[in-house]
Amino acid sequence: MKTTRIAAGGIAAAVIASTVLAAATSAQADTAPQEKDVVSTGSDILQTAFNFVADGYGALPGYNTAGNRWRFINIDSSGDAQGRTAFTDPRLLTTITGNGTVGENGVKYIKQSDVKVLNPAIALRAGQPLVVRPSGGGGGGRDAIINDYVDGDGIGNWIDVGRSPDPVDASGQTNQNKAQDQLGTKLYSVQFGTDRQVMATAAETNAPESLSAETVKKIYKGEIRTWNQIPGNESGSTETIIPLTLPNDAGMWNTFLAGVRAANGLTATTWTDADARSNPNSFNVQQNDPTAITALPPSQQKNAIVPFPRSRAAVVNSGYYTVAADGADQTNPYNGTREYTKSFTRDGKTLGNHRIAASASGIKLLAASSSSTGASAPYGQNFALWAIFRQSDLDSTVPWQPGSTLNWVRTLFYNPGGDAVPFVRTPAGKALVEAAGQVPTYRVFGTDNQEIDVA
């Protein structure tokens, strides 16, 4: 297998920035929820919208803004309750001297495999033992709620909502049956937003203006390896394409597989995870993070592509995210400019580096506004903002807030037959979804995975 090497300083910056990007999205990330708080875990690409719905954004009020007794707590997908660093900084490796070769300008290179990622911990309920923080739309959202049964030590039944871009079941009833077996109830799903995944490149790239779904399939399969092999781009660069892949439990990777299949008329057996990882020049990166491309060495940046959600680029460019670096005159991994110092001046005041707005200007999205489908169309795949919860919580007769007659599901997500509109369907809820870079969309699916008419 090909060994991928990245500049030591670059990978350190990439991992640091990735950690800060994911961890800085909500002050609620380390809050220990109380007994009747509603807890959501899962996808990092959906967490911004869920954070906004919970706590608001700017002048837009969230559900918790009203000061209700019990809160909607959205647990972010990274961070650590045990005080550990969530990665191994390559600069701290004892084997860094001689660990690799000397690259451009004498910069030392290290192997990606030397960077170790920890499993961060979280308190899902106040006063209870810590658990590994659920992360990712598949494993940390949909699957986490299915597996959140009470075990022999009394641990469990702490997750109320799984946030995921994946449906409960793409086909059949496998996950619904598992939920019934383990939880004693099946699951409902509410979609309250729509996003779109497209292909991203560096701002300065050898890629053409768009890549068709068929071309993307062939690149990831390894059937196309250089830019000039792309049909219609024969006069393009002869340099090698680097198709970046995502962790196999990442919701955005599942979305990518589904998108390639749908556009090219393939199935899960004719286009597998292994097929999508067949290109020998590919390697795994952090999903939904501009530094997956911008922190690569320049020779790799201009040849890299990665599936990327449209909303993440929009939110990063809005100034909501922040980055920080340790040391003076660091390079911003988001756009390659040297703008970090230990302190900086704004409005005539000298500040620390606690708030430097991130930017996604170092990447660009190919055919970001396209809605076309099919093998010859630019690659793009819509995905849903799913809130997955137990049917038993929908059916509960126990009011959530003092003075209310509604349970938490009917208050926040779905209130069949009731006069009160659930928060995500109110004008305030829709405005928050839009602020998160997504399109408000309201659909409900029952325990048979079939859509319920909510008109």
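Helices (H or I, at least four residues) and strands (E, at least two) are DSSP runs, numbered from the N terminus. This is a predicted model: local features need pLDDT of at least 70, side-chain atom pairs count only at pLDDT 80 or more, and totals for chains, interfaces and linings use all residues. Residues are numbered from 1 along each chain as its sequence is written, and side-chain values use heavy atoms, with hydrogens and water left out.

Start at R133. R133 sits in the loop between β6 (131-132) and α3. Its relative accessibility is 3%, so R133 counts as buried (under 20% relative accessible area, with a 1.4 Å probe and protein chains only). The C-alpha atoms of R133 and S78 lie 7.1 Å apart, although 55 residues separate them along the chain.

Next, the helix pair. The axes of α3 (residues 137-146) and α4 (residues 174-183) come within 8 Å and cross at roughly 45°. Axes here are lines fitted to C-alpha atoms over the stretch in contact, with angles from 0 to 180 degrees between N-to-C directions. On α3, the contact (heavy atoms within 4.5 Å) uses R142, I145 and I146. On α4, N175, K178, A179, Q182 and L183 take part.

Now the cores. A nonpolar core is a set of buried Ala, Val, Leu, Ile, Met, Phe, Trp, Tyr and Cys residues joined through side-chain atoms within 4.5 Å. The largest has 78 residues, and F192, F413 and Y414 have the most contacts inside it. Helix α2 (residues 44-55) gives the most to this core, seven residues. Apart from this core lies another, of 19 residues, including A144 and A179.

How values were computed. Buried < 20%, exposed > 50% of the residue type's maximum accessible area, 1.4 Å probe, protein only.
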